[in-house]
Amino acid sequence: MLRTLDIENIAVIEKTTVDFTGGLNVLTGETGAGKSIIVDSINAVLGERTSRELVRHGAENAYVIASFTDICPTACNKLSEFGINPEDDGTLILSRAISAQGKSSCKINGKPATVSMLKEIGSLLVNIHGQHDSQELLNPDCQYKYIDMLLSDSKSLTEYKKAFRELITVRRKLKSISAEEDEKKRKLELLDFQINELEAADIKIGEKEELTKKRNLIQNSEALISALNSALAALNGDDDAMGAEALINSAANNLSRFDEAKSITDSLLAISDKAEAAKDSITEFLDSLEFNPQELELVEDRLDMLYNFSGKYGSTEAEMLEYLENAKKERSLIINSEEEIERLSSEYEILLSRAVELADRLSVERKKTADDFEKKVKSELEYLDMPKLQFKVTFGKGNLTSNGYDVIEFLISTNPGEPPKPLSKIASGGELSRIMLAIKNILAYNDTIGTLIFDEIDTGVSGRASQKIGLKLKAVSKNTQVLCVTHSAQIASNADTHFLIKKEFLKDRTFTNVLPLDFEGRKHELARIMGGLEITDSLLKSAEEMLSS
């Protein structure tokens, strides 16, 4: 459950900490005091969309930190997927910072997280029921969700969704390969050209590098041969002059008569040996070199082709060959498309039959669940002072979608003798609030979420009905922590913990604080809600009686 909420620089709240408790937590305050800011802050830390307008004027950043305890197993599993563990005491801390420029950063237990991660884990911790829920309840396209949440065995829904995904996958493949014949012909011509061109090229991996080396060698071969011949002539000499090798040998012979110069003689003889080896190497290298201008032209042409291919088929030989293989597969698919279409069509029919079978099974499960749901909603509404209201769940049959083929709609009749009509057409604000509470109360027993938040569930309701809503919220809070923003004294009187949202003005600035109320504080707040500006003794007495009862 939500244990602590720290808010800083959110709208008119400069800084406040709210310590929630188990049971029913109620937040009240004058209109405009900032009750909605608390809900907005919780939405923000749960990963919902925010705006820089939420940041308090003059502040660089706004912060919301929410601390949760007693995390449900589903949320723990999701944390494990993120590689995050709860604190040693089981605490989970979500935080979000929002800058005045609209950027935000998120953390889960101090580790950086994305907004989507925050939203995923937040959806398993808190369920907020407000105006958006009422709009969803009125939308026939969304009403199936409430039935699906109550299915005693979700296996039929899971199996159907899996079968439908497989069906759609095959249908997309069929659509893809059943393209227009002209398009297939054009594509086939292009593939034939590309395949023939690549196959004729007979590309080998690494040949571009080899050819580049060979081209450089050929281009430099004439100058290289000349340099090698000059080196050989310098070593050998000619008719006019002795070569370096002969000169070295002559010098060694002249010095060999002198024992004192033996080391020098040895050095000269070693140099002579190296000169002889150099001559052999030069001669061998010259024999291996062939300067052929035509070969250079062939190498240049081959390299030009490879560079041209690199712009069309891939920068490396491996990528070109991979392109060739893919082109062959694509051509084969087009050539064999008729057989593939026949095969996929057969597979599609089998999957369609399976999906329809599972949709039938899901529909049966939904209808059973809907019968029980109708009875429970009616029972809840009788308690909430709507004993004459009739509630029906109707089923129609539509196209097969990811949710089955059921077209589910909620109908109500508020007056005896009147036929039920769509909820969206005849439900008033007060009736809708109570229907929503009835449904949420039923869902709460099937929900593992630890915190339910009701934002002004009392809209359009007063008197005895408000008291009944308060008692119902109290009953729900026995199993689940409940936070309720309300303008109703009857609802507020049922709180286990009561917070006052109070706005103050100081030095031309607005400040909102969240104050926990003791018995006396609650008494005065209930009296204010009931009486408005003037709090009389009789109002205080009524408030005290309300709290005592």
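Trainee: How far is the charged end of Lys468 from the centre of the ring of Tyr383?
Mentor: The charged end of Lys468 sits over that ring; "over" asks for NZ of Lys or CZ of Arg within 6 Å of the ring centre and within 35 degrees of the ring normal. From the centre of the Tyr383 ring, the distance is 4.9 Å.

Trainee: Which other lysine has its charged end over the ring of Tyr383, 4.7 Å from its centre?
Mentor: Look again at the ring of Tyr383 and find the charged end placed 4.7 Å from its centre. That charged end belongs to Lys472.

Trainee: What kind of model is this?
Mentor: Residues are numbered from 1 along each chain as its sequence is written, and side-chain values use heavy atoms, with hydrogens and water left out. Local features need pLDDT of at least 70, side-chain atom pairs count only at pLDDT 80 or more, and totals for chains, interfaces and linings use all residues, since this is a predicted model.

Trainee: How far apart should the ends of helix α12 be, at 1.5 Å a residue?
Mentor: Helices (H or I, at least four residues) and strands (E, at least two) are DSSP runs, numbered from the N terminus. The expected span is 1.5 Å times one less than the number of residues, and α12 has 19 residues, 317-335.

Trainee: Within what arc do the buried residues of α12 fall, seen down its axis?
Mentor: Buried means under 20% relative accessible area, exposed over 50%, and partly exposed in between (1.4 Å probe, protein chains only). In α12 the buried residues are Glu317, Met320, Leu324, Ala327 and Ile334. They line one face of the helix, because the directions from the axis to their C-beta atoms fall within an arc of 100°.

Trainee: How many salt bridges does the structure hold?
Mentor: A salt bridge is a side-chain nitrogen of Lys or Arg within 4 Å of a carboxyl oxygen of Asp or Glu. Counted that way, the number of salt bridges in the structure is 30.

Trainee: How many residues apart are Lys312 and Glu197?
Mentor: Their side chains meet in a salt bridge, at 3.0 Å from N to O. Lys312 belongs to helix α11 (residues 293-313) and Glu197 to helix α7 (residues 181-201). The pair links distant parts of the chain, and its separation in residues is 115.

Trainee: Is Lys279 buried or exposed?
Mentor: Lys279 meets Glu245 in a salt bridge of 2.6 Å, N to O. Glu245 counts as buried at 10% relative accessibility. With a relative accessible area of 15%, Lys279 is also buried.

Trainee: What is the relative accessibility of Arg366?
Mentor: Arg366 forms a salt bridge with Asp406, with the closest N and O atoms 3.2 Å apart. Arg366 lies in helix α13 (residues 337-383) and Asp406 in strand β10 (residues 404-413), so the pair ties together parts 40 residues apart in sequence. Asp406 is buried, with a relative accessible area of 13%. Arg366 counts as buried because its relative accessibility is 1%.

Trainee: How are the rings of Phe20 and Phe499 arranged?
Mentor: Rings of Phe, Tyr and Trp (its six-membered ring) pair if their centres lie within 6.5 Å; planes under 30 degrees apart count as stacked, over 60 as edge-to-face and the rest as tilted. The structure holds 8 aromatic pairs. Here the ring centres of Phe20 and Phe499 are 5.4 Å apart and the planes are at 70°, so the pair is edge-to-face.

Trainee: What angle lies between the planes of Tyr313 and Tyr323?
Mentor: Phe20 and Phe499 are both buried. Tyr313 and Tyr323 form a tilted aromatic pair, 4.9 Å centre to centre, with Tyr313 in helix α11 and Tyr323 in helix α12. Between their planes the angle is 55°.

Trainee: Which residue of β6 is the bridge partner of Ser95?
Mentor: Two strands pair if DSSP finds at least two bridges between them. Strand β5 (residues 92-99) is joined to strand β6 (residues 104-108) by 5 bridges, and the two run antiparallel. In β6, the partner of Ser95 is Lys107.
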